[in-house]
Protein chains: 4
Amino acid sequence: MSTVAAGSKGRVLLAYSGGLDTSCILAWLIEQGYEVMCYMADVGQEEDFEAAIVKAKAVGATKVFVEDLQRTFVEELIYPAVQANTIYEGVYLLGTSLARPVIARRQIEIAARENCQYVSHGCTGKGNDQVRFELAYYALKPDIKVIAPWRVPEFYNRFQGRKDLLEYAAQKNIPVVQTAAKPWSTDENMFHISYEAGILEDPDVTPPKDMWKLTVDPEDAPQTPERIVIEFTKGKPTKVTNVNTKEVKTDALDIFNYLNQKARAHGVGRLDIVENRFIGIKSRGCYETPAGTILRVAHMDLEGLTLDRQVRSLRDSFVTPQYSNLLYNGMYFSPEAEFLLAAIEASQKTVNGQVRLKLYKGNVVVEGRSSSTEKLYDMEESSMDVQGGFSPIDSEGFIKIQSIRLKKWGQTNKLI
Amino acid sequence: MSTVAAGSKGRVLLAYSGGLDTSCILAWLIEQGYEVMCYMADVGQEEDFEAAIVKAKAVGATKVFVEDLQRTFVEELIYPAVQANTIYEGVYLLGTSLARPVIARRQIEIAARENCQYVSHGCTGKGNDQVRFELAYYALKPDIKVIAPWRVPEFYNRFQGRKDLLEYAAQKNIPVVQTAAKPWSTDENMFHISYEAGILEDPDVTPPKDMWKLTVDPEDAPQTPERIVIEFTKGKPTKVTNVNTKEVKTDALDIFNYLNQKARAHGVGRLDIVENRFIGIKSRGCYETPAGTILRVAHMDLEGLTLDRQVRSLRDSFVTPQYSNLLYNGMYFSPEAEFLLAAIEASQKTVNGQVRLKLYKGNVVVEGRSSSTEKLYDMEESSMDVQGGFSPIDSEGFIKIQSIRLKKWGQTNKLI
Amino acid sequence: MSTVAAGSKGRVLLAYSGGLDTSCILAWLIEQGYEVMCYMADVGQEEDFEAAIVKAKAVGATKVFVEDLQRTFVEELIYPAVQANTIYEGVYLLGTSLARPVIARRQIEIAARENCQYVSHGCTGKGNDQVRFELAYYALKPDIKVIAPWRVPEFYNRFQGRKDLLEYAAQKNIPVVQTAAKPWSTDENMFHISYEAGILEDPDVTPPKDMWKLTVDPEDAPQTPERIVIEFTKGKPTKVTNVNTKEVKTDALDIFNYLNQKARAHGVGRLDIVENRFIGIKSRGCYETPAGTILRVAHMDLEGLTLDRQVRSLRDSFVTPQYSNLLYNGMYFSPEAEFLLAAIEASQKTVNGQVRLKLYKGNVVVEGRSSSTEKLYDMEESSMDVQGGFSPIDSEGFIKIQSIRLKKWGQTNKLI
Amino acid sequence: MSTVAAGSKGRVLLAYSGGLDTSCILAWLIEQGYEVMCYMADVGQEEDFEAAIVKAKAVGATKVFVEDLQRTFVEELIYPAVQANTIYEGVYLLGTSLARPVIARRQIEIAARENCQYVSHGCTGKGNDQVRFELAYYALKPDIKVIAPWRVPEFYNRFQGRKDLLEYAAQKNIPVVQTAAKPWSTDENMFHISYEAGILEDPDVTPPKDMWKLTVDPEDAPQTPERIVIEFTKGKPTKVTNVNTKEVKTDALDIFNYLNQKARAHGVGRLDIVENRFIGIKSRGCYETPAGTILRVAHMDLEGLTLDRQVRSLRDSFVTPQYSNLLYNGMYFSPEAEFLLAAIEASQKTVNGQVRLKLYKGNVVVEGRSSSTEKLYDMEESSMDVQGGFSPIDSEGFIKIQSIRLKKWGQTNKLI
């Protein structure tokens, strides 16, 4: 195991993006006397990893690690979230939150292996991500030390705006791509992209048409719908079939990527909200979650056919909101996550079957669902025409018993 | 007050629709020796009330009451449901459930006034509506007696199919409209229409294009979007403005009807699901809820801007599911509904402001929101660029404290 | 497999107690043309099984089965309830509910084995137990047929009071024990005894001193306390030690019986309440739950030391009330019970350690607790004197961040 | 309005107890250049306020305010907590938490009136009380500045133990009472006293007999029970009658003090637990809550008789735990508290009646309850003997309908 050089303050593993901010942080950490290694997680974002490696080394990183975490991300985080129908504040599909645990875990694993006493990241001091990264760090390696430059006065007082960073970059010979900065920030992974800050801080400003990156504008999407069938096993997607093209995908990662491709083409998954950050600040965010939106619609629909009413109701009123909040708040590595994941798994035993979907200009339309194994839906019993399963007289007793309590209440309340 | 004729078994107030079923029930009740009055509730469904009155009288009803309940429906049931974001099993907007309390209450009021010992309805013995009507009846007038012919063996054994009803209608000179019966059943009111039974009982059958009645197929909806602004006061819509046409509506009923008209034109509000009936049977239903879908999107969005995080979270995890279940299960007239409505009202004090929406081919797109009175959203505090509201160092402490528990747990669990 | 005799209406397995009611039911079922077998479950109640067997055969039962279910009851029902801290309406420890699943399951197993088309029981038509037995029957063997004589008009109209039963017993030569009937009903098992009906129906009548059967009146209990230590493994008691006598028990059944003996001697576990039955009727019940009361106190205390705060909070706010309600309502054999039991098990991994208790005149006093394996409690970190674990400055940030949302709210609300 | 002297750093209102810690803080703040006023809240604790005033002035306080908050405490905090059955982690009655809002609010009111820019307190940096005080301060007066010396490095590094404080007191001529310090800390008010820290930090140490201050040891309590009757109106106690002595109290404060007196005499309300502090540390605490324990037992009992099942269940599963957590975590002045208090009030409309209690050696035994106005309990309907209210056949239908779902599930699961 390599040891930290004499005179060094210690070795840092920096979560590095290749952008202006983390490049300046890299240079600044070195300037402070640390040995710095860089870590880049490939969670499906659009990124020039090769260029970033070159850049990090040029700035002075002693090592650069690029880790492909896509399969882990899909299998360990995204699909359990599909099983649980996770959603924050009724609308947000948690795309950033879901990626953080896989990114942070690999960072800690490498930090441990490479004998780094410190990890560092470029998150601001007002957001959710600092919390998500650091709670994961501390749970996974309680003795890790964290350097969050945007919370270090010497750093944030020195770099008060983009101009300061650009000057520092010039001084440190950090190459800067000469594109105009977009007037918003983004975070991208294979599950979603987020847009916030800048012009979006006014919640009444409509996002410009060219902001949206992943999905086609529904107004520009094809006039012709496309039909797919998604098969689920214990609540996880195990097969997708394109009815039009006959394409079939059965690998976890392939399924997800294929759904992303189709959803993007049909303008599926845009969202524009004001949400409540963990730290108690309201914040406006725009999101694109293409495959995730399709999977949510399909999974919830199949649960209608295959999941018991009470299990669904208990899961909905408890597990889904609690697991969603926990993800949002960065507590994936926690005893309560273990506890809730056990409940999620227990809830999905019967969620087996397929859902037929139509994609059309932003809409995900369910056109039918079936299951060859689950029998909770019984066409005859359900029928209004057929006398199946039970006698109508039973309903009479059911209602009368339900009314006992209400009659007692009605007797002492003048309701009409 | 009129008295029941000698020799009569008593006086019945029948919830009458003018259709084949309730016309046969009317004739049958008379045949059984009851005096029967008919009651029709106008909750915004498409119906020829005049023709129905004539028909009921021809069959033998001693009185026919047609009651316009549209305003009550909107103001007392629909708007509080908008405030609470009510939804059943994550998708269904409860259109039938919401109408039942206003219909049942007026029926009981008239039954009391007209000295009817009995009320009757044409609901089947397998569905939710029998429960909803009767629990309302019993809560409002605990001594009322209910005749549910579809649960009376003499009735349901005699009328085993549409053919039996048609024969009976012919025998009783009940005029029958000579249209082919649709291969499904519907329930319509101004909030929604439902389709179920018949060919829909196979959950994998795609509903035929001509089934959908209220909304334009998104594929046929206009290529050009339309923009509206909805203003809310304490969580209820108080103004709608059409950005394109400059039309403005401020009356509760006008607002709702206008939103219905726009949503219908743009294909907004279709749904196809398998749900769990109160009595424990899974059932497939298709729904159109035009204005309700727009209002849900807009109201939830405005809550993002104006509602405190904790109030929202508590309301979401408790009041919304409980109030939704209660409506679905027919327990609107109950002590728990009173209790929950007090909580709903308490939650909406700050939900004041407006939401800008785009309607386009089935999509309801939020384009911005604002509030002139509420200040929980603070652009400066929210900003990632500005040092407003608090010091980044505070976040450090926040995270450290949150991590204490997780570190302790991590110390005894080998997580990496 | 024996077959039902020609001319018989079928074979019934009757849940038989040996008392007047079920003896008359036995005779009456035979009179109706059924072949009847009797089934008695030994769940630890005080009962003369030998005498009951003789009696049942004398009345005409073709077979009588007495099944010892005590160990199953303790291991499968009682200890998971201890793990979950189950309680109904804040006070009732569910003693009757817990026994029903083991009794009903064995009855159905025997009915299946003995080729009985019917099962029968002596529960009244107003109580919870009819529901608990029958929902278990139907879930375990959906095609079973149930005869509940107290809901059969021919039966309940004929036997309108104890006098009618006594006359019928005399006529059928059913021996009746010549003790005066107590002016209340009881249900007893090793977990508890319940008292209801009769003079207890007036909720303001204090139960007579001689009603309480299992426990010594606290006023008559020893003046000297007794001290025990209970050890738990994954939330289940695995050892009890008497500090005074040095007695030790480690077998599941022995532990429970020993705790019962000690609790009874010290007057522990009495309760007098008005509860809400599943069918919506309020009902007064008195209960003695000796060992169950000690185990509840001890288990909850140990969770304080060994269970993570969030897991505890989630389990308390969701699993405990839902699992308790489910037991009360007779839905132990259900998908939601499976789901909740998975969550209960997941919650108890760390509940390992021991609790020291003092028993004295109705009180169960915790005198200390410890765990050799769990480390969530950290004396140094907890200490107000020692600077351990984290810096006080962190608390400053924690509070400041928590206050952001409250300050915003305070700014627009005149609170002082 | 008085103005701060020139040269002063500003004016501080210090929450002062008269003890060693806050006296040193007072001296230290003056030493730092602040003008300091002292504030003492009388919430029913045993305290020599006169001596404290003299002492504070001697040390240099420019003003000393002693405020009697007992009635406010009982009426605004304690009785709503009784209505809500508030309890933390299943056992702790929240005595310290309940007092903090009234103490903090008055401090802020006086700070505003006296033109103090700062408030200060003597809470440590590891406990709950710093959070409770400061969140209240910030919500009530968002621009207030807080000095928490035990989180200020200059202070806590200088005063590392009691010895340092004693030396400083000597140096500043602060009189110190020459009693040996107890090996634990306490917080007392009229609702409870808490003991923690010191020898109690080992959770397996049994508290010494002479620690308990408010209540008689049950082993030393009278051999003769005493009987009282508590009357509630909308869930709040409005009358207490001593059956033995015929004493009657009807004033809110008198009732509470009388119950305290009786409970203390009979050894009611001791508790010894390990709890989870808001900041995520486990902590051992012992408590005495005499009157609060009686009121909890009585109120919950009366709810059995007078509160609807569903309202009770919803309140129990949601409002009670959330309101309890909120109090524990110091968020009484918050939008969610307003929201929950509205729900609490809505839940208590029918909680009217009286409960008869026996106090005996630590036990609070319910001996009966009644209500002259509420009629939800119906002796005839409840009776197992009388055919009242509904037909047993209704139960048959009720059970059959409830079983539909379970049968479907049983058909695909081999349960026996």
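1. In chain D, strand E11 (residues 270–276) and strand E12 (residues 282–288) run antiparallel and are joined by seven bridges. Strands, of at least two residues, and helices (H or I, at least four residues) are DSSP runs, numbered from the N terminus; two strands pair if DSSP finds at least two bridges between them. Glu275(D) has Ser283(D) as its bridge partner in E12(D). The two strands form a hairpin with five residues between them, and Gly280(D) in the turn has a positive phi of about 95°. Five of the seven residues of E11(D) are buried, where buried means under 20% relative accessible area, exposed over 50%, and partly exposed in between (1.4 Å probe, protein chains only).

2. The model is predicted: local features need pLDDT of at least 70, side-chain atom pairs count only at pLDDT 80 or more, and totals for chains, interfaces and linings use all residues. Residues are numbered from 1 along each chain as its sequence is written, chains are lettered from A and ligands numbered from 1 in the order in which they are written, and side-chain values use heavy atoms, with hydrogens and water left out.

3. Chain D also contains an open sheet of five strands, in the order E10-E9-E8-E13-E14, with antiparallel pairing. Its edge strands are E10 (248–249) and E14 (363–370), each of which pairs on one side only. Strand E13 (residues 353–360) pairs with E14(D) over seven bridges, and Val355(D) has Arg369(D) as its bridge partner in E14(D). Helix H8 (residues 252–265) of chain D packs on this sheet, and its direction makes about 50° with that of E9(D). Helix H9 (residues 290–306) of chain D lies across E8, E9, E13 and E14, running at about 140° to E13(D). For these angles, axes are lines fitted to C-alpha atoms, for helices over the stretch in contact, and angles run from 0 to 180 degrees between N-to-C directions.

4. Gln107(D) belongs to helix H4 (residues 95–113) of chain D. Gln107(D) counts as buried because its relative accessibility is 0%. Leaving aside residues up to four places away in sequence, the residues touched by Gln107(D) include Leu13(D), Tyr39(D) and Tyr137(D); contact means heavy atoms within 4.5 Å.

5. In chain C, nine of the twelve residues of helix H1 are buried, so H1(C) is largely enclosed by the rest of the structure. Among the buried residues are Cys24(C) and Trp28(C). H1(C) is followed by Gly33(C), whose phi is positive, near 105°.
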